[in-house]
Amino acid sequence: MPRKAFLLTPFFLLLLFGRLSGQYVVNDRCLNAWEKMMDLEVKSAKKIIQKEIRENPTNYYVYYLDQANEFIELLCNPSGEAYSRFLINYQDRRDIMDDKETTSPYYMACESDMMLQTSIVNTLYGDKLSGVRRGYKAYRLTYDNLDDYPDFLMSKKNSGFFNVSISNLPPFVRWASSFFGVKGDQSVGFGLLFNYFLTEKDTRGLNAAAVLYLVNAFKINREPGSAFKFIQSLDSSIRNYRLVKYYYGNTAYRSGHNEEAFRIFREFDTENVEMPFPPYDYMMGRILMRKLDPEAIKYLKDYLQVTKNENYLKEINYYIALYWLINGDQKKFEHYRKITCAVGREVQERDREAMYECSLDYTPDAELVKARLLTDGGYYDEAYPILDKHKPTLNDPLPWQLEYALLTGRYSEHKKMKKTAITYYKKVIRLGKDEDYYFASDAALRLGFIYKKTDRQKATDYFEMARQLYEKKYYEYIDDMASKQLELLKKED
């Protein structure tokens, strides 16, 4: 008999666990719902779920599935009303599920997932204390379940996600890690998440969900390039789920592959998304800004008109401010800069970055903003002529001089002109180390990465310098990445 005959397929394992685990059955209808969810057809998924509830009300897995569908809808089309409804529905579902089929490995695994989802939305809506409390409970449920069922796939997946997440806690919850005594190992976490994907890769719908766990782990670990390459490597049958495709374009954008992001979103099918989908306008506006495309303003304004989310309002309003700056309207730039400082919340990192930008004590140079947008998008050859023609003089504001040197260093580094890049980065540090701007800290971080390949001690010195020069109001990626690199270098010793 061929060896393959002895292997248990993921779908067979799911059915096996369903039969052995009481009324937690991942049946064909549930997989249909997963597919619809991954295709952002949340209304169709809801109909499938409701039919399963009517016909099999004691299949408790479907209540977990119902929340997952609502969770996706809330993340894609958030509002205060939807958030309140989500919390009520969460409790209603738990009232049905609590103390039912407690000997099933799915019992605590589903409760952990549901608790984690609620923790995430608590945090996104500014209720950080509830988010931390529920996140810790989800963590404990996962490991309590693994004590009883050490090989249960769903809990091992959760363990993988927790390992990566705890290794990358944002500043406002880092205290919770030591307070609750939780620890994370990102290498262990990624191993568990990769194994989860490999196990589920032939299970329709769940394979796409497994991809999203990995992709979000990469994003949390500040590796959008790795997430982009991973999705790029997938079979088209998985990559073409709309939610996976959205992350494909998102990670392309975040890793400097702006033209690829533009292609992906230009081909994105929004007509069959069964809900308002402001993330599309959000992404297209930013992508077109990096192309210096005049159409960017339409998408940025459309996002503000459609969204009911308090998050990202600062970010998008500052993008609109920059749009008018690079198009020669200083008055509108100042108008939207003031709006940026006044609206929305500072829960998301992008909004905190926008708050830093709108609070600057100088007006950015429009040409350097163009060069920065192009450079961030990977359009180095288009950025160079701007830099070449627009070198600031000693009479220009120091921040202009610092940004010019930083951007020229980035261009030189991209073109493999290592010595030139080092010269410009060191200039940024020399001129900017005592100034209240992010440029010197960023330059030190980039020098750390350059020397990491050839001189570990210099790399350590520059990563430490990046942290020493860092201020809390700057871009958080600088301190996070420098700290992470120092930890990695220490482990290699």
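The largest cavity has a volume of about 50 Å³. This is a predicted model, and it holds 1 cavity of 30 Å³ or more.

The residues lining the largest cavity are Tyr 356, Glu 357, Leu 360, Tyr 362, Pro 364, Arg 372, Glu 403, Tyr 438, Phe 439 and Tyr 475. Sorted by class, the lining of the largest cavity comprises 7 nonpolar and 3 charged residues, with no polar ones.

## Second largest pocket

Three helices each give at least two residues to the lining of the second largest pocket: helix 3 (42–55), helix 4 (61–76) and helix 5 (80–97). By class, the lining of this pocket counts 9 charged, 5 nonpolar and 4 polar residues.

## Helix 12 and helix 14

Helix 12 (residues 224–233) packs with helix 14 (residues 242–254) at an angle of about 140°, and their axes are 8 Å apart. An angle over 145 degrees would count as roughly antiparallel; helix 12 and helix 14 are therefore oblique to each other. Their crossing is left-handed.

From helix 12, the contact involves Pro 224, Ala 227, Phe 228, Ile 231 and Gln 232; from helix 14, it involves Val 244, Tyr 247, Tyr 248, Thr 251, Ala 252 and Arg 254. The residues of this contact fall into 8 nonpolar, 2 polar and 1 charged.

## Helix 16 and helix 17

The axes of helix 16 (residues 278–290) and helix 17 (residues 296–306) lie 8 Å apart, and the two helices pack at an angle of about 155°. Because angles over 145 degrees count as roughly antiparallel, helix 16 and helix 17 are roughly antiparallel to each other. The crossing of helix 16 and helix 17 is left-handed.

Helix 16 makes the contact through Pro 278, Tyr 280, Asp 281, Tyr 282, Met 284, Gly 285, Arg 286, Leu 288 and Met 289, while helix 17 contributes Ala 296, Tyr 299, Leu 300, Asp 302, Tyr 303 and Val 306. The contact of helix 16 with helix 17 has 11 nonpolar, 3 charged and 1 polar residues by class.

## Helix 18 and helix 19

Helix 18 (residues 313–326) and helix 19 (residues 330–342) cross at roughly 170°, with axes that come within 7 Å. Helix 18 and helix 19 are therefore roughly antiparallel to each other.

On the helix 18 side, the contact is made by Lys 314, Asn 317, Tyr 318, Ile 320, Ala 321, Leu 322, Trp 324 and Leu 325. On the helix 19 side, Gln 330, Lys 332, Phe 333, Tyr 336, Arg 337, Ile 339, Thr 340, Cys 341 and Ala 342 take part. The contact of helix 18 with helix 19 divides by class into 11 nonpolar, 3 polar and 3 charged residues.

Notes:
Residues numbered from 1 in each chain as written. Predicted model: local features only at pLDDT ≥ 70, side-chain atom pairs only at ≥ 80, totals over all residues. Heavy atoms only, no water. Axes fitted to C-alpha atoms, helices over the stretch in contact; angles between N-to-C directions. Helix = DSSP H or I, 4+ residues; strand = E, 2+ residues; numbered from the N terminus. Parallel < 35°, antiparallel > 145°, perpendicular 65-115°, else oblique. Left-handed = near helix turned anticlockwise from the far one by under 90°. Contact = heavy atoms within 4.5 Å. Nonpolar A, V, L, I, M, F, W, Y, C, P; charged D, E, K, R; others polar. 1 Å grid on protein atoms, 1.4 Å probe; cavity = no way out; pocket = protein on both sides within 12 Å on 5 of 7 lines; lining within 4 Å. Points joined across faces, edges and corners; volume = space filled by probe spheres on them.
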